[in-house]
Amino acid sequence: MKAVKVSDNIYWVGAVDWNIRDFHGYATYEGTTYNAYLILDEKITLIDTVKKEFTDQMMKAISELTDPKKIDYVVSNHTEMDHSGGLPLVMHLIGQDKPVYCSKMGLKNLSGHFRQGFNLQAVDKDFELDLGQKTLVFMETRMAHWPDSMFSYVKEDDILFSSDAFGQHYAGWERFDDQIGEAIMPHALKYYANILMPYSPRIAKLIVQVAEAGLNPKIICPDHGIIWREDPGKIVQAYARWAEQKPSKKAVVVYDTMWESTRKMAEAIVDGLIGENVDTRLMRLRTQHRSDVITEVMEAGAVLVGSPTLNNGLFPTVSDFLCYMKGLRPKNKIAAAFGSYGWTGESIKLITQELEAMKLEIIDPGLSSHWVPDDDGLQKCFELGQKTGQALAGIED
């Protein structure tokens, strides 16, 4: 990809990964980008690098603008390998004595990733990096994804380099929000739900801290996806809303099934929910990826999980989903379990234990069906849907 101008003497020099379809268990149907940025000033500065395999793309983009050997400084906002993998080649070209600016935790991480003895320099909120015509300031954003995360900000241009915050896993021809419009928001929501949701309390505080620090970005440059130049406030407002994890009058019924009995139960529950005018999603785990289910769960007020009992345990896809959801720590939801069984019926107990461990509000002891559910069993499932819908009735649409 060619370098793309972001602002005067600031360019995107990243790489597009059109083919990646899984990112740490998150389905990336439309690929992703690894964004890096070059500031051309008296001191030429590279903000982040790219995944190792895409370093040549980044170096080609940089070479359109300047000789890469002329880079004076590197800033590492985030040390995860999709943003630091290209660092060894960059340092080999520009000289290992050139400084790499990072957070205190970033220094520890980069020292552990790379043993070449780079000139790592930890920065804090009081440090200013004079580039000539432009000045970089820094804000530690610990656990706004990783402990090493930080923001970099160009004071003169009000441009925020936001690391993994405000990003999306999306590969396309577009580099900016005004080129894609509203179509980017589902990607941003999925990214938040599957990566940043566990850190929501920290993100809510961070948004306040950015405002209190007097930072008012006109452009936000994340490490993945498009750059926010037309309306950066839009994604900041969305993050503030998502960080609240405010429930909506929406229910997600997620399940898997062996011989369709648990499916019949799920569909009866859905009928009960719809009868209470609840926005309802029915999602079978062998046809819906866990990351898509979590995206729906994040803004829902209720999640009902169903599984048959298999070998005295849960169906594998359900166990996988519960493990994944538990790690993402969703809040402010009501929940219940359901499922069928033939020999024994442990699935209800096991699901409920996991939901309780997530500190979700259990609104029903759980519904089980021995073998194929009969009319009475399906009526009870319908009533569970009704009960759930009525519990959501007080939530504003």
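Predicted model: local features only at pLDDT ≥ 70, side-chain atom pairs only at ≥ 80, totals over all residues.
View 1. Helix α6, which covers residues 185-196, and helix α8, which covers residues 232-244, pack at an angle of about 40 degrees, and their axes are 11 Å apart. Angles under 35 degrees count as roughly parallel and those from 65 to 115 as roughly perpendicular, and α6 and α8 are therefore oblique to each other. In passing α8, helix α6 makes a right-handed crossing. From α6, the residues Met-185, Ala-188, Leu-189, Tyr-191, Tyr-192 and Leu-196 take part, and they meet Lys-234, Ile-235, Ala-238, Tyr-239, Trp-242 and Ala-243 of α8. Sorted by class, this contact of α6 with α8 holds 11 nonpolar residues, no polar ones and one charged residue.

**View 2. Helices α11 and α12.** Here helix α11 (residues 316-328) packs with helix α12 (residues 347-357) at an angle of about 10 degrees, with 10 Å between their axes. Because angles under 35 degrees count as roughly parallel, α11 and α12 are described as roughly parallel to each other. On the α11 side the contact is made by Val-318, Leu-322, Met-325 and Lys-326, and on the α12 side by Ile-351, Glu-354, Leu-355 and Ala-357. Six of the residues in this contact of α11 with α12 are nonpolar, none is polar and two are charged.

**View 3. Helix α9 and the elements it packs against.** Helix α9 has 15 residues, 261-275, which at 1.5 Å a residue should span 21 Å, and this agrees with the 22 Å that separates its end C-alpha atoms. Its buried residues are Ser-261, Thr-262, Met-265, Ala-266, Ala-268, Ile-269, Val-270, Gly-272 and Leu-273. These buried residues pack against the strands β17 (248-255), β18 (279-284), β19 (300-306), β22 (334-341) and β24 (367-370), and also against helix α13 (375-391). After α9 comes Asn-277, a residue whose phi is positive, near 60 degrees.

**View 4. Glu-383 of helix α13 and Ile-269 of helix α9.** Glu-383 lies in helix α13 and counts as partly exposed because its relative accessibility is 39%, whereas Ile-269 is among the buried residues of α9.

**View 5. Helix α10, residues 290-298.** This helix is mostly covered, since seven of its nine residues are buried. The buried residues of α10 are Ser-291, Asp-292, Val-293, Ile-294, Thr-295, Val-297 and Met-298.

Methods:
Residues numbered from 1 in each chain as written. Heavy atoms only, no water. Helix = DSSP H or I, 4+ residues; strand = E, 2+ residues; numbered from the N terminus. Expected span 1.5 Å × (residues − 1). Buried < 20%, exposed > 50% of the residue type's maximum accessible area, 1.4 Å probe, protein only. Contact = heavy atoms within 4.5 Å. Axes fitted to C-alpha atoms, helices over the stretch in contact; angles between N-to-C directions. Parallel < 35°, antiparallel > 145°, perpendicular 65-115°, else oblique. Left-handed = near helix turned anticlockwise from the far one by under 90°. Nonpolar A, V, L, I, M, F, W, Y, C, P; charged D, E, K, R; others polar.
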